[in-house]
Amino acid sequence: MTSAPSSEGASTPEESYAETTPLGVRDVPDDKPVAPKKARARKGKAEGQWALGYREPQNKNEQSKKDDHPLNVRARIENIYAHRGFDSIDPADLRGRFRWMGLYTQRAEGYPGTDTGHVDEEFLDARHFMLRVRVDGGALTTEQLRVIGEISQTFARDTADVTDRENIQLHWIRVEDVPEIWRRLEAVNLSTTEACGDCPRVILGSPVAGISADEVIDGSPAVDEIVERFLGDRSLANLPRKFKTAISGQQDVAHEVNDVSFVGVVHPEHGPGFDLHVGGGLSTNPKLAVRLGAWVPLDEVADVWQGVVQVFRDYGYRRLRTRARIKFLIADWGPEKFRQVLEDEYLHRKLVDGPAPDPIAGTIDHVGIHDQVDGKKFVGVAPPAGRTSGSTLVGVAKAAEDVGSTRVRLTPYQKILVLDVPAEQLDTLTTALDHLGLPARPSVFRRATMACTGLEFCKLAFVDTKNRAGELVEDLEARLAEVAPQLETPISIHLNGCPNSCARIQVADIGLKGQIVSDAEGNPAAGFQVHLGGGLGLDAGFGRKLRGHKVLSADLGPYVERVVRNFVEHREDGERFAQWVVRAEEGQLS
């Protein structure tokens with residue numbers, strides 16, 4: 001990644017494809033495939049699992065990865081495309097391998113949501129890119145944040161979105177500028193490598209690791225070790241689909257909906273460590289992660305993580321993209337078999353049995369002013385649905401440095417934290433952040449609203465989300481001003497532009513899935529399918545989808561107001577929104 005950029009881009013298109021065995025990796029010529037170490041009988045319908053001998057690609061995505069290792073694309077970007085421009089880009093690189101370098105074509109202007117899924121892909125490709133900057137563990141120095149902000153100002157029309165994967169996404173990027181952007185990022189130890197693609201993506205980590213009195217254990221050394229050892233590892237860069245990781249000493253990383261998670265827990269004999277969860281994910285077939293019943297010490301997290309990734313690489317389903325996530329393998333195998341295969345074939349030892357962490361109520365978003373264990377403070381602010389700008393990021397970096405801080409964090413809830421603030425400097429910092437439009441004490445609606453990229457830039461979206469979320473927050477602040485103080489816990493509102501659930505709609509109090517609906521005159525219009533009462537922790541589940549209930553985008557304000565008022569009026573003492581939704585009458589929810 002960042003520490004060795006030369007190794008990321010040195011490969012040439014002529015380099016042989018890296019064949020990967022279930023128990024090891026080595027580069028071999030294409031005409032000499034490596035047989036699995038342990039032969040296994042083929043059973044049932046072929047799912048394209050490498051470990052069962054199905055090595056030939058069964059769809060165009062798998063063929064593209066075999067034709068040329070995706071990490072090779074960096075050399076072509078630097079040596080060919082950046083010089084010859086957008087029209088020189090090979091389509092297999094443009095819509096495939098570019099993702100391994102954090103690049104997606106953004107949606108071309110002028111194509112409404114009604115065109116999504118009905119217009120050929122090439123027509124929806126703009127001549128500009130979304131560029132995703134990896135921020136593993138959400139950890140940034142103020143220098144790194146400033147560099148990202150300055151890149152945004154210079155190359156991305158001042159765009160910047162904080163994502164719920166602790167990344168920062170820029171838009172309007174030209175391929176001609178990508179090498180210079182990489183040079184600036186890598187100068188401060190940042191990268192876009194494997195920020196997208198069928199590979200291990202950014203690792204979620206607690207934004208308050210090492211400074212929170214509430215954490216069981218600091219997971220940041222494990223995050224750093226995985227990044228150091230495995231980011232850019234060619235043997236792990238061709239997985240059946242994307243692979244998402246979360247590591248935290250407390251439950252602040254949405255561990256239930258990640259492919260693999262390590263959650264802080266105290267073992268009665270061995271002390272603090274991590275409980276291992278596998279197989280979470282949302283999209284159109286949501287599943288919560290399952291416990292393997294294993295306790296993992298901090299110094300073994302990276303090895304166990306590698307083993308889980310290798311199981312997915314070798315046994316994951318490659319025939320159909322719709323079944324290529326690890327959650328489907330877990331659903332078919334069950335946690336017992338998965339653990340056995342992990343132990344017997346990859347770790348070659350037994351894992352320690354361990355307890356489950358006690359689930360928590362609500363969401364830990366770290367917004368507001370909080371104590372650190374060293375006596376200093378950290379301040380969490382909420383950009384509207386993650387939408388910010390390069391200029392704002394530069395301003396946050398300056399505001400932090402002006403009070404003596406050099407550390408900033410991003411969260412899995414699209415928030416920004418400034419760490420290490422002396423108590424006597426709090427007023428100075430909060431005033432500066434407020435001038436940037438980032439109040440330290442935001443409304444409950446701004447605090448708990450998230451949105452995906454949406455129609456503005458995403459080719460899969462049907463509706464606008466980012467801008468609509470910002471408008472909705474302002475609307476609700478006016479409509480529910482007298483009700484807000486009665487909400488002891490903010491009601492989360494997540495907007496998604498399509499069914500893929502990048503904004504985690506199924507685990508929100510109010511989840512809104514974008515689609516084209518009919519307005520009162522029967523004309524197609526932007527709207528949302530409603531999911532209510534989803535959650536994580538004590539309320540872990542996917543909520544209640546009202547049969548056939550859809551809301552026009554223009555009517556979101558009145559609808560959410562109606563539901564919130566019904567909750568406040570009809571809830572029982574101490575009842576959370578998710579609990580109330582389960583027993584509420586349908587008329588109170590529609």
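Me: How do you know that the span of helix α9 agrees with what its 15 residues should give?

Reply: In this predicted model, helix α9 covers residues 301-315, and at 1.5 Å a residue it should span 21 Å; because its end C-alpha atoms are 21 Å apart, the two values agree.

Me: What makes α9 a mostly covered helix?

Reply: A residue counts as buried when its relative accessible area is under 20%, and 13 of the 15 residues of α9 are buried.

Me: Why is aspartate 303 called partly exposed?

Reply: Its relative accessibility is 33%, and partly exposed covers what lies between the buried limit of under 20% and the exposed limit of over 50%, so aspartate 303 counts as partly exposed.

Me: Why is the pairing of aspartate 303 with arginine 229 called a salt bridge?

Reply: The cut-off is a side-chain nitrogen of Lys or Arg within 4 Å of a carboxyl oxygen of Asp or Glu, and here the closest N and O atoms are 2.9 Å apart. Since aspartate 303 lies in helix α9 and arginine 229 in helix α8 (residues 220-230), the pair ties together parts that are 74 residues apart in sequence. Arginine 229 counts as partly exposed, at 37% relative accessibility.

Me: What makes arginine 349 and glutamate 300 a salt bridge, and which parts does the pair tie together?

Reply: Their closest N and O atoms are 3.1 Å apart, which is set against a limit of 4 Å. Arginine 349 lies in the loop between α11 (335-347) and β13 (352-353), and glutamate 300 in the loop between β12 (290-296) and α9, so parts 49 residues apart in sequence are tied together.

Me: Why is threonine 411 called buried, and what does it touch?

Reply: Threonine 411, found in the loop between β17 (407-410) and β18 (416-421), has 1% relative accessibility and therefore counts as buried. Leaving aside residues up to four places away in sequence, its contacts include Thr163, Asp164 and Leu417. A polar atom of its side chain also lies 2.9 Å from the backbone nitrogen of tyrosine 413.

How values were computed:
Residues are numbered from 1 along each chain as its sequence is written. This is a predicted model: local features need pLDDT of at least 70, side-chain atom pairs count only at pLDDT 80 or more; totals for chains, interfaces and linings use all residues. Side-chain values use heavy atoms; hydrogens and water are left out. Helices (H or I, at least four residues) and strands (E, at least two) are DSSP runs, numbered from the N terminus. The expected span of a helix is 1.5 Å times one less than its number of residues. Buried means under 20% relative accessible area, exposed over 50%, partly exposed in between (1.4 Å probe, protein chains only). A polar contact is a pair of N or O atoms within 3.5 Å; within protein, one must be able to donate a hydrogen and the other to accept it, and residues adjacent in sequence count only if both atoms are side-chain atoms. Contact means heavy atoms within 4.5 Å.
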